[in-house]
Amino acid sequence: MGHSMSENSCQLCAVEKLTFEPPPIYCSPCGAWIKRNAMYYTVGAGDPRHYFCNPCHNESRGDSIVVDGTIIPKARLEKKKNDEETEEWWVQCDKCEAWQHQICALFNGRRNDGGQAEYTCPNCYITEVDRGERKPLPQSAVLGAKDLPRTILSDCIEQRLFRRLKQERQERARVQGKCYDEVPGAEALVIRVVSSVDKKLEVKQRFLEIFQEDNYPTEFPYKSKKIEGVEVCLFGMYIQEFGSECAFPNQRRVYLSYLDSVKYFRTEVKAVTGEALRTFVYHEILIGYLEYCKKRGFTSCYVWACPPLKGEDYILYYHPEIQKTAKSDKLREWYLAMLRKASKENIVVDLTNFYDNFFVTTGECKAKVTAARLPYFDGDYWPGAAEDLINQLCQEEDGRKLNKKGTTKKTITKRALKASGQSDLSANASKDLPLMHKHCCTHCCILMVSGNRWVCSQCKNFQICDKPARFDPYSSSILVPICFCQLGESVLDNLSGFGFFVPSQVEITDVPTDTKDKDEILESEFFDTRQAFLSLCQGNHYQYDTLRRAKHSSMMVIYHLHNPTAPAFVTTCNICHLDIETGQGWRCEICLDYDVCNSCYQKDRGIDHPHKLTNHPSMAERDAQNKEARQLRVLQLRKMLDLLVHASQCRSAHCQYPNCRKVKGLFRHGIQCKTRASGGCVLCKKMWYLLQLHARACKESECHVPRCRDLKEHLRRLQQQSDSRRRAAVMEMMRQRAAEVAANSGQKIE
């Protein structure tokens, strides 16, 4: 790196001090990004952190400020400058006593058993291997990306990717006149589904009120999945699958919610098609996923091609400076190129955009143009924009003092529809819609997935679902639709080129009856939502701005995946109540959360406990555990969360539920403690971690667990602000395009 070595330098990179990029801070009331070196106000650490920009603080002229219905006295607010720096952590070699950056050494601080783990730096390690004093560790000694659970989906994508990479490399070698091994290829790629959970998307109340006469669903069940390419994490995407059990308009739809990548793809070569090989790989991952969805019976996929705002990250935290953010046109073309490839393989049979599909009626289509037809996805542009429109229109109606319920409803519906199409999305087309099954009713525009369809033998454009074919009670016969085909003057001159034919019925057999996912549920509190994963990376400085940091961050991500309960609080001894270091205690496999430290166990060998105690696994033993062991740790965490819910509702002073009194004691401690989690209280940190885990998974509207409602509201607000910033990016994109069009035509845009 061109630095001179000194005694204060890292012995691996020769740099003395490296600092992390500070996590972005957003104002709690307005959601604005608080810029670097700007002044702001904050309160609490350990509680849901609230930040206030100067304008929001000054606009609240009283002695308090309100956030999410909570009144916060201004006296509790501390004025700060957004200039804090966090230096990269160091580690000292136990052999040569040299100091090195943990990131340079790929040192995992979470495996450092109470700070007592022995650490040998790479230089000493190589020296010992060369002298024959140490045998090199096999790669299997540390669990990596390949050891993560495989799924049907990950196997499907991987197999397709490897097959297509081999074909591309063979073709490239042929074109260049070389042998297969003489041309570089992309190797050692791993695709894994790291999260797959069932969720429910609740429709916002005001939206429901407008479409209550249409029997609009109150919620949509869906499966959320996160797919990643690791060992150095290069690529990730979050998707939402709304299956056959889901109601219209979301039935059998897939939504590609977020996609992100970092520019560390090892082989910087071009594919035989002329595109970068990394583009070829990412396209094949997406095409593989679309192919998998089509086989399961999904009919369409929605892609929102929206680049992030400056300073925003979708999935991977803090991209390299050399990686430019693609503009909306280029990003959309990137997706379209992928979809054109999928079309050639007949995986995608039609391609349209949001506006043309739902707001432009053509030919025989008699479907009603209504917002109730639009798919309603979690975090998507439309639900948030609809809510903004409804709020705006309701405020206008309140201002005019219009109290007639019917008039208000009619006005909102009409104007909301107009507003949703006012920017002419046919020109902007920020959302593309690839259809994976081609049976779409010409009359009502609904995709046909079962039963019969009426088709015309003379033209390809006519196919109608069973609904128009109705029974005639007077003639006791079926009324069938008639197709008027444009055949050309040479065939039917007397009918001006038009003829009519009675269509025939064809049974639909190429679409599975249901979309049931055969893969198991994969739960992970840090990966189930994009915001949770991004928060994990920001809070632990898992950055991807340099390759060295990307390697370390990826290593830590894999560690969290293999150790789903690793960030949980340290286990405490049930006898002396002291913390138990990893591998230094004994546990009852029958009683929930009964552990004793080595010291207490040595005193009585566990004879005072009715069940057998087993030794805690050491870190090395834990690393060797298989899939069943990982599932066991997840089960233990679920039991702990169940205990939390029980203790919050239990009113018995002598409850026999294991460790109920212990958790109640933590509740009481949290109320009385003056140090708090922000001050370093270990007990508060334990409880705070559990409360956060519970709030992320809780679906109860009237939950009794302390702070659950506050934490859920905090998480909801973070997600809402993130969605609002994404919508703002779309509006800015539209404004810029309108300005460009106006400039080219000589018009003035106000």
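**Entry 1**

I note that the model is predicted, so local features need pLDDT of at least 70 and side-chain atom pairs count only at pLDDT 80 or more, while totals for chains, interfaces and linings use all residues. Residues are numbered from 1 along each chain as its sequence is written, and side-chain values use heavy atoms, without hydrogens and water.

I took helices and strands as DSSP runs numbered from the N terminus (H or I, at least four residues, for helices; E, at least two, for strands). The axes of helix 5 (residues 277-296) and helix 6 (residues 328-344) come within 10 Å and cross at roughly 55°. Axes here are lines fitted to C-alpha atoms, for helices over the stretch in contact, and angles run from 0 to 180 degrees between N-to-C directions. That angle makes helix 5 oblique to helix 6 (under 35 degrees is roughly parallel, over 145 roughly antiparallel, 65 to 115 roughly perpendicular, the rest oblique).

I then listed the contact (heavy atoms within 4.5 Å). On helix 5, Thr 279, Phe 280, Tyr 282, His 283, Leu 286, Ile 287 and Leu 290 take part; they meet Trp 334, Tyr 335, Ala 337, Met 338, Leu 339, Lys 341 and Ala 342 of helix 6. By class, I have 11 nonpolar, two polar and one charged residues in the contact of helix 5 with helix 6. Nonpolar covers Ala, Val, Leu, Ile, Met, Phe, Trp, Tyr, Cys and Pro, charged covers Asp, Glu, Lys and Arg, and polar covers the others, Gly among them.

**Entry 2: helix 3 and helix 5**

I looked up helix 3 (residues 152-176) next: its axis is 9 Å from that of helix 5, at an angle of about 140°. Helix 3 is therefore oblique to helix 5. The crossing of helix 3 over helix 5 is right-handed. Helix 3 contributes residues including Arg 160, Arg 164, Glu 168 and Arg 172, and helix 5 contributes residues including Glu 284, Gly 288 and Glu 291. The class count for helix 3 with helix 5 is 13 nonpolar, one polar and six charged residues.

**Entry 3: two prolines**

I found Pro 375 in the loop between helix 7 (354-359) and helix 8 (381-400). Pro 375 counts as buried because its relative accessibility is 0% (buried is under 20% relative accessible area, exposed over 50%, partly exposed in between, with a 1.4 Å probe and protein chains only). Leaving out residues up to four places away in sequence, Pro 375 touches Pro 249, Asn 250, Tyr 302, Phe 354, Phe 358 and Trp 382. Phe 354 is 21 residues from Pro 375 in sequence, with 9.8 Å between the C-alpha atoms.

The peptide bond from Phe 248 to Pro 249 is cis, with omega near 10°.

**Entry 4: positive phi**

I checked Glu 97, a residue other than glycine with phi near 60°. Glu 97 is in the loop between strand 10 (90-92) and strand 11 (99-101), and is exposed, with a relative accessible area of 55%. His 541 also has a positive phi, of about 60°, and is not a glycine. His 541 is in the loop between helix 11 (530-540) and helix 12 (547-562); with a relative accessible area of 12%, His 541 is buried.

Methods. A crossing is left-handed if the near helix is turned anticlockwise from the far one by less than a right angle, and right-handed if clockwise.
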